[in-house]
Amino acid sequence: SLRGGDGSSLRGGDGSSLNGGYMSSLRGGYMSSLRGGYMSRFCGKKNTVFAAEWWHNYEFVGMRVAVVDGTNIKEDVWYDLDDNGEWKEADNQQDI
């Protein structure tokens, strides 16, 4: 289990649990759980869970969750939320 502050870059192995703050980059192995703050990006292996804070106009709206299933959310691809709180492939695909 790893916890980082704002702007952290965290990388864990299989079954890892990572928690990052605002604008963090989180990468986990198989069956990991990743939680990031506003404007964070996520990457993982099969069955990894992403949980991202969604903010709109500086107001917290809620959490958005996705699972790496290989179809809708692909392995080893970086994701973040768009302005509508939907998961999308991140513009920045640079690895950490």
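I take helices (H or I, at least four residues) and strands (E, at least two) as DSSP runs, numbered from the N terminus. I count two strands as paired if DSSP finds at least two bridges between them.

This is a predicted model, where local features need pLDDT of at least 70, side-chain atom pairs count only at pLDDT 80 or more, and totals for chains, interfaces and linings use all residues. Residues are numbered from 1 along each chain as its sequence is written, and side-chain values use heavy atoms, with hydrogens and water left out.

**Entry 1: the sheet**

I started with the hairpin. E7 and E8 form it, with 2 residues between them. In the turn, Asn57 has a positive phi of about 55°. The two strands run antiparallel and are joined by 8 bridges. I looked up two partners in E8: Arg64 for Ala52, and Met63 for Glu53.

Then I traced the whole sheet. It is open, has 5 strands in the order E1-E3-E5-E7-E8, and its pairing is mixed. Strand E1 (2-3) and E8 stand at the edges with a single partner strand each, so one side of each has no neighbour in the sheet.

**Entry 2: aromatic rings**

I searched the whole structure for ring pairs and found 7. Rings of Phe, Tyr and Trp (its six-membered ring) pair if their centres lie within 6.5 Å; planes under 30 degrees apart are stacked, over 60 edge-to-face, the rest tilted. I picked out Phe50 and Tyr79: their centres are 6.4 Å apart and their planes stand at 45°, so this pair is tilted. Phe50 lies in strand E7 and Tyr79 in strand E9 (residues 79-81), so the pair ties together parts 29 residues apart in sequence.

I checked burial next. Buried means under 20% relative accessible area, exposed over 50%, and partly exposed in between (1.4 Å probe, protein chains only). Phe50 is buried at 0%. Tyr79 is buried too, at 3%.

I also noted one aromatic cluster, formed by Tyr22, Tyr38, Trp55 and Phe60.

**Entry 3: Thr48**

Thr48 has 0% relative accessibility and so counts as buried. I listed its contacts (heavy atoms within 4.5 Å). Beyond four places in sequence, they include Gly28, Gly29, Tyr30, Ala66 and Val67.

**Entry 4: Ser25 and Arg41**

Ser25 is in strand E4 (residues 25-27). Its relative accessible area is 11%, so I file Ser25 as buried. Leaving out residues up to four places away, Ser25 touches Ser8, Ser9, Leu10, Arg41, Trp78 and Ile96. Ile96 is 71 residues away in sequence, yet the C-alpha atoms of Ser25 and Ile96 are 7.5 Å apart.

For polar contacts I use a pair of N or O atoms within 3.5 Å; within protein, one must be able to donate a hydrogen and the other to accept it, and residues adjacent in sequence count only if both atoms are side-chain atoms. The side chains of Ser25 and Arg41 make one, at 2.9 Å.

Arg41 also lies over the face of Trp78, 4.0 Å from the ring centre. The criterion is NZ of Lys or CZ of Arg within 6 Å of the ring centre and within 35 degrees of the ring normal.

**Entry 5: Arg11**

Among the contacts of Arg11 beyond four places in sequence are Leu2, Arg27 and Asp95.
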